[in-house]
Amino acid sequence: MNPLSLKYFLAVVEYESISRAAEALYVSQQNISNHISRLESEYGVVLFNRKPAFRLTYAGEQMVLIATQMVQLERQLQCQLSDIAGNNAGCVTVGITPTRAASMLSRILPVYHKKYPAVTLRTQVNVSDRLIDQLEKGEIDLFLGFSSRGLGSHIQTIPLEQERLCLVVPYDYLEQKYPGSLRAVTNLFNSHVILSEFSDTDFLLPVRGSRVREAADRCIQAQNFTPKILLESSDLPTLISLAKNGMGVAFSFENLAKQLLGNELGKKGSAFLFPAVSNQIEGTVVIGYHKEHYLSHATQNFIELTMELYKQPSF
């Protein structure tokens with residue numbers, strides 16, 4: 001059995017199409033079809049029904065279970081042999097949610113690459129549920145994102161930082177609204193914002209279903225406020241950038257907004273950041289790994305460096 005054939009087979013299962021799998025893997029459709037045909041010939045079974053719809057046969061379903069384990073074991077073997085060889089190389093695949101990708105990876109990856117230049121780094125950007133599934137299957141080594149109840153007992157998580165909900169408010173908007181009283185107003189809002197004070201401006205909100213939107217809706221309902229919604233988007237960094245440029249006010253998580261605004265936070269031409277709810281933690285950002293999977297030296301080093309950057313004690 002060719003391990004590459006198993007990888008191609010699992011890709012077809014994931015994308016539910018030979019053409020989409022070929023596109024994702026940057027290979028020809030014929031190449032993948034040949035590998036599927038070899039597997040079917042080797043085991044004397046049909047793995048996919050082509051008509052009326054492209055789907056797995058019963059034999060294909062059983063192949064998925066075993067192939068997933070075999071690909072995972074081969075990956076772990078590669079990591080172990082690399083560690084035994086002591087070549088300080090290897091590969092680390094990190095799964096991260098879209099909201100966190102820009103802020104966290106830009107902070108971690110350059111430092112890690114400088115310290116461990118021989119290690120290949122790969123990232124998978126996806127929603128939390130998909131990333132947790134990939135961690136379970138061994139398709140990624142690490143998960144970066146919010147801790148959730150969906151994480152099984154075999155997933156070990158290490159807390160990195162806690163997040164509060166905040167409101168990103170353009171500096172110029174406050175300066176025009178409260179001429180001569182900017183300092184007093186910002187001091188007032190530093191405990192928590194009064195949403196009714198922003199009834200005359202537009203709100204830039206994350207789409208419904210996102211963690212930030214759920215927290216924002218709770219805050220809005222608690223203050224019995226009806227915002228003027230100008231824009232809804234799944235791209236939180238873009239909403240923060242638009243707020244900074246004066247298009248409206250935006251809800252965000254505090255640490256994410258602080259990193260994206262950087263040294264411009266609280267300065268003219270940028271934005272202020274005010275807690276939406278006083279001293280309320282909305283979630284904990286963690287780094288997670290599978291306790292039953294082999295942790296390569298490269299992966300352990302990534303965890304240690306991330307904890308160091310986020311000022312957490314060694315694990």
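Tutor: The discussion below sets computed values against the definitions of the terms.

Tutor: This is a predicted model, in which local features need pLDDT of at least 70 and side-chain atom pairs count only at pLDDT 80 or more, while totals for chains, interfaces and linings use all residues. Residues are numbered from 1 along each chain as its sequence is written, and side-chain values use heavy atoms, with hydrogens and water left out.

Student: How many helices and strands does the secondary structure of the chain come to?

Tutor: The chain comes to 12 helices and 11 strands. Helices (H or I, at least four residues) and strands (E, at least two) are DSSP runs, numbered from the N terminus. The C-alpha trace spans about 80 × 50 × 35 Å along its principal axes.

Student: Why does R100 count as buried?

Tutor: Buried means under 20% relative accessible area, exposed over 50%, and partly exposed in between (1.4 Å probe, protein chains only). R100 has 3% relative accessibility, and therefore counts as buried. This residue is placed in helix α5. Of the 315 residues of the chain, 43% count as buried.

Student: What does R100 touch?

Tutor: Contact means heavy atoms within 4.5 Å. Leaving aside residues up to four places away in sequence, R100 touches L105, F146, E161, E163, F253, L256 and V285. For the chain, 74% of contacts between residues at least 6 apart in sequence join residues at least 24 apart.

Student: Why does T68 count as buried?

Tutor: T68 has 18% relative accessibility and so counts as buried. T68 is found in helix α4 (residues 58–85), and touches L10 and K137, not counting residues up to four places away in sequence.

Student: Is E40 buried or exposed?

Tutor: E40 is buried, because its relative accessible area is 14%. E40 lies in helix α3 (residues 29–43). Not counting residues up to four places away in sequence, E40 touches V45, V46, L47, F48 and R50.

Student: What makes the buried residues of α8 line one face of the helix?

Tutor: The buried residues of helix α8 (residues 182–189) are L182, V185, T186 and F189. Seen down the axis of α8, they fall within an arc of 95°, so they line one face of the helix. The arc is that of the directions from the helix axis to the C-beta atoms. On the other side of α8, R183, A184 and N187 are exposed. The cover over the buried residues of α8 includes α7 (171–177) and β10.

Student: How do you know that the buried residues of α11 are on the same side?

Tutor: In helix α11 (residues 254–261), the buried residues are E254, L256, A257 and L261. They cover an arc of only 165° around the axis, which puts them on the same side of α11. Among the elements covering them are α5 (98–115), β6 (155–170) and β9 (249–253). After α11 comes G262, whose phi is positive, near 60°.

Student: What makes β7, helix α9 and β8 a right-handed unit?

Tutor: A crossover is right-handed if, with the strands pointing away from the viewer, the path from the first strand over the helix to the second runs clockwise. β7, helix α9 (residues 211–222) and β8 make a right-handed β-α-β unit. Two strands pair if DSSP finds at least two bridges between them. Strand β7 (residues 202–206) and strand β8 (residues 228–233) run parallel and are joined by 5 bridges. D202 stands opposite K228 in β8.

Student: Which residues touch the most other members of the largest nonpolar core?

Tutor: A nonpolar core is a set of buried Ala, Val, Leu, Ile, Met, Phe, Trp, Tyr and Cys residues joined through side-chain atoms within 4.5 Å. In the largest one, of 65 residues, L174, F198 and F251 touch the most other members. β6 gives the most to this core, with 7 residues. Another core, of 17 residues, lies apart from it, including Y8, F9, L39 and M63.

Student: How many disulfides does the structure hold?

Tutor: The structure holds 0 disulfides, a disulfide being a pair of cysteine sulfur atoms within 2.5 Å. C166 is in no disulfide, as the nearest cysteine sulfur, that of C219, is 11 Å away. C166 is buried at 2% relative accessibility, and C219 is buried at 4%.
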